[in-house]
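Me: I should like to learn how to read the features of a model such as this one. Please give the general idea each time, and then the case at hand.

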Amino acid sequence: MTERTDTSRVAPPLAATELTQQRPQRRRPLHEEAAERLRDMIVEGELAPGERVREQAVCDRLGLSRTPLREAMKVLAAEGLVTLQPNRGATVADLSPADIADTFKVIGALEALAGELAVERVDDDDIAEMRVLHYQMALHQTRGELPEYFRLNQRVHERLVELSGNQVLIETYRQLGGRIQRQRFVANRWAGRWEQAMHEHEQMLDALAARDGRRLADILRLHLDNKLTAVEHIDRDGRPRHDAAAD
Ligand SMILES: [Zn+2]
């Protein structure tokens, strides 16, 4: 990993490559890096819901010692992604269908509120930044690159929440959002959902650019509702569920 020398105090120019960097330029504490890697492993299904996290295997995989790994686990536990049990270590959270549905509803409401607040504050640079993220994401969608698409999708949603400028909302979203990231990821494997999601993102961008808070809030709520519908039709790996209650 390259370490950036801090010669420039001026913000770098806005460029797609800057915006799509997965990791910030500044060197972060090891446990934060580890938490990010573990989040990706959970979201992408490498660590399955209900699976016990084997410390040694993960340390080897990430090239870490146990101390930062354990610190990372505490971060993930606070986000509801893993549960920590004395003498058993960490287990990947396994939410019930009711917990998942309830969380989607709350996240939908938080994002809708974020949209309403954001339109009051965004400037043209913010909208341009969102547009760049959007087109990068769209490119991955046309290429069928789901993990890359999904990281940008997360960034778009997080950025929108940040643009609300409401710290309580931002923190609440960070605490709750993680627990349904896996479901948000697999939802796109449901027939037609990925294209539908991309279309909804186009409408979001239009509403943001038009600074139409009500329209943006409606689309965000719909986006999360449609995602939940997709999740209810598939199993945890994204395969169609034959016993889906919604059929
Ligand atoms: Zn989205």
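Me: Which span should the 17 residues of α10 have, and what is the distance between the end C-alpha atoms?

Reply: The expected span of a helix is 1.5 Å times one less than its number of residues. For the 17 residues of α10 this gives 24 Å, and the end C-alpha atoms are 24 Å apart, which agrees. Helices (H or I, at least four residues) and strands (E, at least two) are DSSP runs, numbered from the N terminus. The model is a predicted one, in which local features need pLDDT of at least 70 and side-chain atom pairs count only at pLDDT 80 or more, while totals for chains, interfaces and linings use all residues. Residues are numbered from 1 along each chain as its sequence is written.

Me: Which residues of α10 are buried?

Reply: A residue is buried if 20 or more other C-beta atoms lie within 10 Å of its own, exposed if 12 or fewer, and partly exposed in between, with C-beta atoms placed from the backbone. In α10 the buried residues are R193, A197, H201, M204, L205, A207 and L208. They cover an arc of only 160° around the axis (the arc of the directions from the helix axis to the C-beta atoms), which puts them on the same side of α10. The face turned away from that buried side carries the exposed residues E195, H199 and E202.

Me: What do the buried residues of α10 pack against?

Reply: Two residues are in contact if their C-beta atoms, placed from the backbone, lie within 7 Å. The buried residues of α10 pack against α5, α6, α9 and α11.

Me: How is the packing of α6 and α10 described?

Reply: Two packed helices are described by the angle between their axes and the distance between the axes. Axes are lines fitted to C-alpha atoms, for helices over the stretch in contact, and angles run from 0 to 180 degrees between N-to-C directions. Helix α6 (residues 124-143) and helix α10 (residues 193-209) pack at about 165°, with their axes 11 Å apart. The two helices are therefore roughly antiparallel; angles under 35 degrees count as roughly parallel, over 145 as roughly antiparallel, 65 to 115 as roughly perpendicular and the rest as oblique. The contact is made by I127, M130, R131, H134, M137, A138 and Q141 of α6 and by W194, M198, H201, L205, L208 and A209 of α10.

Me: Is the crossing of α6 and α7 left-handed or right-handed?

Reply: A crossing is left-handed if the near helix is turned anticlockwise from the far one by less than a right angle, and right-handed if clockwise. The crossing of α6 and α7 is left-handed, and α6 also passes α10 in a left-handed crossing. The axes of α6 and helix α7 (residues 146-163) come within 8 Å and cross at roughly 160°. That makes α6 roughly antiparallel to α7. Among the contact residues are M130, H134 and M137 of α6 and Y149, L152 and V156 of α7.

Me: What is the case for α2, as regards its span and its buried residues?

Reply: Helix α2 (residues 30-43) has 14 residues and should span 20 Å; its end C-alpha atoms are 20 Å apart, which agrees. The buried residues of α2 are A34, A35, L38, R39, I42 and V43. They cover an arc of only 165° around the axis, which puts them on the same side of α2. Their cover includes α3 (55-62), α4 (66-78), β2 (89-92) and α9 (181-187). Just after α2, G45 takes a positive phi of about 85°.

Me: Which residues other than glycine have a positive phi, and where is their place?

Reply: Most residues other than glycine have a negative phi. N87, with phi near 70°, has a positive value and lies in the loop between β1 (82-85) and β2. N87 is exposed, with 4 other C-beta atoms within 10 Å. R211 has a positive phi of about 50° and is in the loop between α10 and α11 (213-233). R211 is partly exposed, with 14 other C-beta atoms within 10 Å.

Me: How many helices and strands are there in the protein, and what percentage of its residues count as buried?

Reply: The protein has 11 helices and 2 strands. Of its 247 residues, 30% count as buried. Of the contacts with a separation of 6 or more, 70% are between residues 24 or more positions apart. P97 is found in helix α5 (residues 97-121) and is exposed, with 10 other C-beta atoms within 10 Å.
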